[in-house]
Amino acid sequence: MEPVIDQAFAAALYSDGDAGLDTGASLLAADPTADAELFRRGEEFVRRAWERGWQPADVVRLVRRDLDGTAAGLAAGLIVSETARYEALPPRWRGQLDGLPAAPPRNRPDRFSYASAVLGLYRLLLRLPRIEPVGPPPGASPHGLHLPPAHDEPRMLTRIRALLAKAEATGFPEEAEALTTKAQELMARHSIDEALLAARTHSKEAPGACRIGVDAPYETAKAILLDAVAAANRCRAVWNSDLGFSTVVGFEPDLDAVELLYTSLLVQGTVAMTGAEAGQRAGGRKRTKTFRQSFLMAYAQRLGSRLAADTARVTAAAEAGTGSGAGPAGPGDPAPLPVLAARDMAVTDTAERMFPETTTTRVRGATDLDGWTHGTAAADRARMGGNGPELRGGRGGR
């Protein structure tokens with residue numbers, strides 16, 4: 001006779017309706033001896049996700065988006081259990097594991113509801129597509145992309161993180177402007193210093209990649225903002241709209257900078273948008289959706305040109321020997337511009353290798369003038385453009 005767990009899976013995982021989930025959950029709820037095997041099978045589904053290119057944060061983000069917070073907690077519990085079997089984890093995984101939600105207690109509020117939630121999660125995990133890997137799965141040797149060893153956060157990155165936290169917390173626009181500008185300048189200088197150091201020491205470091213969530217609502221505007229931050233920090237971003245993330249390709253210090261700055265600017269922009277929207281509502285306006293969309297589009301577009309200008313200014317100062325923390329160049333030291341150009345080419349080559357097929361999509365214009373005006377003003381205050389932004393988009397899976 002077929003084991004109960006296999007009967008439940010046959011009913012629930014290979015159909016789309018709720019009836020199959022109910023049948024499978026009923027079978028599992030009636031047989032407590034299946035609990036251990038049910039969890040073990042879940043670990044197998046998670047392991048298959050690693051083999052398909054997914055990482056812990058990717059899985060939990062998609063589960064939360066397509067199911068709910070309970071399912072995200074269930075996925076987190078499986079991930080923590082499955083990854084505990086490895087002696088070492090790939091770079092960035094430890095930080096992702098630390099940020100996972102807590103797993104809910106098993107068989108609560110009752111066995112049927114719990115089994116139904118678990119089967120819904122397994123159905124989603126079973127259907128995860130292959131995506132471009134940004135590192136090896138746990139337990140495998142690195143291949144393809146170069147992956148730097150895990151390391152403590154550099155002092156410069158800690159200082160940048162502190163500046164951005166202050167910019168997010170202050171209630172004074174002028175102070176936020178100064179703090180965010182200083183953070184971007186430090187990022188640009190740090191990137192140049194790391195590039196020159198690598199050139200002097202003939203480092204074999206190669207570009208890597210990371211994935212950053214781009215969540216609804218207004219994900220197009222958020223993807224444009226991330227693309228602008230990535231470009232200003234010598235990275236390339238490719239947006240996967242179907243799966244809700246962008247893959248950012250670049251050298252390790254620049255990837256860290258992009259993640260920090262994008263998160264901070266999104267927080268600052270959301271706070272500014274909420275304040276501006278409150279003023280609009282007080283004046284009797286009700287077009288919340290179009291106002292927000294136009295606000296964030298203007299915010300992202302304006303910041304793109306300002307971020308690029310900040311980076312260009314720091315790069316020019318470094319070429320003149322006045323803007324880098326690396327000190328004056330010696331007779332045999334490389335010039336900044338050729339070194340940076342070589343790194344830009346390496347990033348482009350890596351991105352094109354990872355994403356041989358991308359599409360460039362014209363973004364529809366904003367329709368709310370007040371939203372656009374307020375968004376542009378907020379971008380100016382953040383101190384961080386361009387007409388008709390375009391996005392590089394990757395395919396939804398392989």
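Colleague: Which residue lies over the face of Phe251, and at what distance from the ring centre?

Modeller: Arg343 lies there, at 3.7 Å from the ring centre of Phe251. A charge sits over a ring if NZ of Lys or CZ of Arg is within 6 Å of the ring centre and within 35 degrees of the ring normal. First, the ground rules. This is a predicted model, in which local features need pLDDT of at least 70 and side-chain atom pairs count only at pLDDT 80 or more, while totals for chains, interfaces and linings use all residues. Residues are numbered from 1 along each chain as its sequence is written, and side-chain values use heavy atoms, with hydrogens and water left out.

Now the helix around Arg343. Arg343 is one of the buried residues of α13. Buried means under 20% relative accessible area, exposed over 50%, partly exposed in between (1.4 Å probe, protein chains only). The arc is taken from the directions from the helix axis to the C-beta atoms. The face turned away from that buried side carries the exposed residues Pro338 and Arg353.

Helix α13 covers residues 336-354. Helices (H or I, at least four residues) and strands (E, at least two) are DSSP runs, numbered from the N terminus. The 19 residues of α13 should span 27 Å at 1.5 Å a residue, and the end C-alpha atoms are 27 Å apart, which agrees. The expected span is 1.5 Å times one less than the number of residues.

What does the buried side of α13 pack against? Helices α9 (173-200) and α12 (288-319) are there, with strands β1 (208-213), β2 (236-240) and β3 (245-250). Contact means heavy atoms within 4.5 Å.

The structure holds 7 aromatic pairs. Rings of Phe, Tyr and Trp (its six-membered ring) pair if their centres lie within 6.5 Å; planes under 30 degrees apart count as stacked, over 60 as edge-to-face and the rest as tilted. Phe9 and Phe45 make a tilted pair, 6.1 Å centre to centre with 35° between the planes. Phe9 is in helix α1 and Phe45 in helix α3, so the pair ties together parts 36 residues apart in sequence. Phe45 is buried, at 6% relative accessibility. The rings of Phe45 and Tyr122 have centres 5.3 Å apart and planes at 55°, so that pair is tilted. Tyr122 lies in helix α7, so its pair with Phe45 ties together parts 77 residues apart in sequence. Tyr122 is buried, at 2% relative accessibility. Phe9, Phe45 and Tyr122 form one aromatic cluster.

Phe9 leads back to α1 (residues 4-12), whose buried residues are Ile5, Ala8, Phe9 and Ala12. They fall within an arc of 100° seen down the axis, so they line one face of α1. Their cover includes α2 (18-29), α3 (35-51) and α7 (111-126).
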